[in-house]
Amino acid sequence: MNFETIIVGAGSMGMAAGYFLASQGKKVLLIDAFDPPHTEGSHHGETRIIRHAYGEGENYVPMALRAQELWLALEEKSNKKLFLKTGVLNAGDPDSQFIKNVKKSAQNYSLPVEVMTAAEMNEKWPGFRFPNDYVGCFEKNSGVLMVEECVRAYRELAEKAGAVLRTNTIVKSIEAAGSSVTVKTDSETFTGEKMIVTAGKGTGPILSTLGLELPLQPLRKTFSWFDSDENIYREGKFPAFAVNYPDSDELYYGFPSIDEAGVKIGRHDEGQPVQPWAKLAGYGAFPEDEGDVTGFADQFMSQKLPVKYGKTCVYTNTPDSDFIIDKHPEFKNIFFACGFSGHGFKFASAVGEILSQLAVDGKSKLDISDFSMERFK
Ligand SMILES: Cc1cc2nc3c(=O)[nH]c(=O)nc-3n(C[C@H](O)[C@H](O)[C@H](O)COP(=O)(O)OP(=O)(O)OC[C@H]3O[C@@H](n4cnc5c(N)ncnc54)[C@H](O)[C@@H]3O)c2cc1C
């Protein structure tokens, strides 16, 4: 079967790209190893934070703002509640790079960020207990995305616009010759003019069949839900947050209790290196699964929060934690987006749009030069 574009990996980024291409009338095939949204990749666990004044660097801000616009447009088109404007509190040592970057991003892009002392944060949100030497940068316009619902919304609209989706189908290898690409699965072969590889943790092995070795490391990660007092911690009373420990990369993030699920907390740094197709050890297999987040909650929450349960998920990290969005150096009709290093979901709408522009025009409207794989040469 022949397609204009074949997308390998229909998760966060791939499903969005499929939507943008199909909605322009392009003949698109999406192939996924599972049935998205699913729990075998990086897009499950109910919620993801979207921040605009970006602590990882101001070069991400234009993409974050475009992503926010596109999420709101998706809400309208799909008639689903996808974004909760909870506000996001970034807190840490005033001298940490993370907090400095948040302030710089806010200043250079005129984003509304309220700088707060520890006492002000503890008063506004009695669920926190920040030590005196912490500062906060509160972004009232950012918040939380309902992750599976976002992927489902793009899937429904992409299929409605004519995209073909092959689920439970593993891509084993890709071949490229001249202006065509061929994808082999267990039982079928598909041919297309262009290809987009957005296979999350599976991207490394797929691209290596085309002679491209990218520095991608899948990591096992966990997150935990806590029993929490709804009067203090529910959405509307309590924000989403990211807290950076002083003099270290130790970074925790969390969510208010949404639909009475309880506060959710995860640790952003650390994690266990895994092979792309390894079965992950379940939640609780490592003492730090629960130990790290309870240690954080004991220190920064004013109330004792007991863990209810947790889940595992995967980050696919690059050495510098920045994304890779690029094209194959030899086969200019093959594009890829990977290495989202645990902070990619918020951008999925914008990355999907960027990939669709690359596939159609060979270039994107937003500057993606910082995400080139050339930096690893
Ligand atoms: C615990 C946790 C918390 C996070 N918190 C945040 C947050 O608060 N904010 C934020 O912005 N980001 C967050 N992230 C990161 C974000 O979720 C990821 O960066 C993003 O989902 C990655 O998208 P992806 O498309 O690369 O991967 P995925 O969404 O996993 O999609 C990849 C798809 O490719 C498919 N696939 C893989 N190999 C093959 C193959 N060989 N053949 C066919 N299909 C294949 C998979 O089945 C999957 O569906 C978090 C991630 C985790 C794990």
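**Strand pairing and helix packing**

Strand β19 (residues 324-327) and strand β20 (residues 334-338) run antiparallel and are joined by four bridges. Strands (E, at least two residues) and helices (H or I, at least four) are DSSP runs, numbered from the N terminus; two strands pair if DSSP finds at least two bridges between them. The model is a predicted one, in which local features need pLDDT of at least 70 and side-chain atom pairs count only at pLDDT 80 or more, while totals for chains, interfaces and linings use all residues. Residues are numbered from 1 along each chain as its sequence is written, and side-chain values use heavy atoms, with hydrogens and water left out.

Within this pair, Ile325 stands opposite Ala337 in β20, and a hairpin of six residues leads from β19 to β20. Strands of a sheet pair through backbone hydrogen bonds, either parallel or antiparallel.

Axes are lines fitted to C-alpha atoms, for helices over the stretch in contact, and angles between N-to-C directions run from 0 to 180 degrees. In passing α5, α1 makes a left-handed crossing (left-handed if the near helix is turned anticlockwise from the far one by less than a right angle, right-handed if clockwise). The contact (heavy atoms within 4.5 Å) takes Ser12, Met15, Ala16, Gly18, Tyr19, Phe20 and Ala22 from α1, and Val151, Tyr154, Arg155, Leu157 and Ala158 from α5. By class, the residues of the contact of α1 with α5 are nine nonpolar, two polar and one charged. Here Ala, Val, Leu, Ile, Met, Phe, Trp, Tyr, Cys and Pro count as nonpolar, Asp, Glu, Lys and Arg as charged, and the others, Gly among them, as polar.

Helix α1 (residues 12-22) also packs against helix α9 (residues 348-361), at an angle of about 55° and with the axes 7 Å apart. The two helices, α1 and α9, are therefore oblique to each other, and α1 passes α9 in a right-handed crossing. From α1, the contact includes Ser12, Met13, Ala16, Ala17, Phe20 and Leu21; from α9, it draws on Ala348, Ser349, Val351, Gly352, Glu353, Leu355, Ser356, Ala359 and Val360. The residues of this contact of α1 with α9 comprise 10 nonpolar, four polar and one charged.

Helix α9 has a further partner in helix α2 (residues 61-78), whose axis comes within 7 Å of that of α9 and crosses it at roughly 95°. That angle makes α2 roughly perpendicular to α9. Met63, Arg66, Ala67, Leu70 and Trp71 of α2 meet Ala348, Ser349, Ala350, Val351, Glu353 and Ile354 of α9. Eight nonpolar, one polar and two charged residues form the contact of α2 with α9.

Two backbone details concern loops. The peptide bond from Pro36 to Pro37 is cis, with omega near -5°, and Pro37 lies in the loop between β2 (28-31) and β3. Asp247, in the loop between β14 (240-244) and β15 (251-255), has phi near 55°, a positive value in a residue other than glycine.

At the level of domains, whose bounds come from an automatic or database domain assignment, the chain is divided into domain 1 (2-43 + 148-214 + 320-376) and domain 2 (88-140 + 217-317). Their C-alpha centres lie 30 Å apart, and the contact takes 11 residues from domain 1 and nine residues from domain 2.

Technical notes: Angles under 35 degrees count as roughly parallel, over 145 as roughly antiparallel, 65 to 115 as roughly perpendicular and the rest as oblique.
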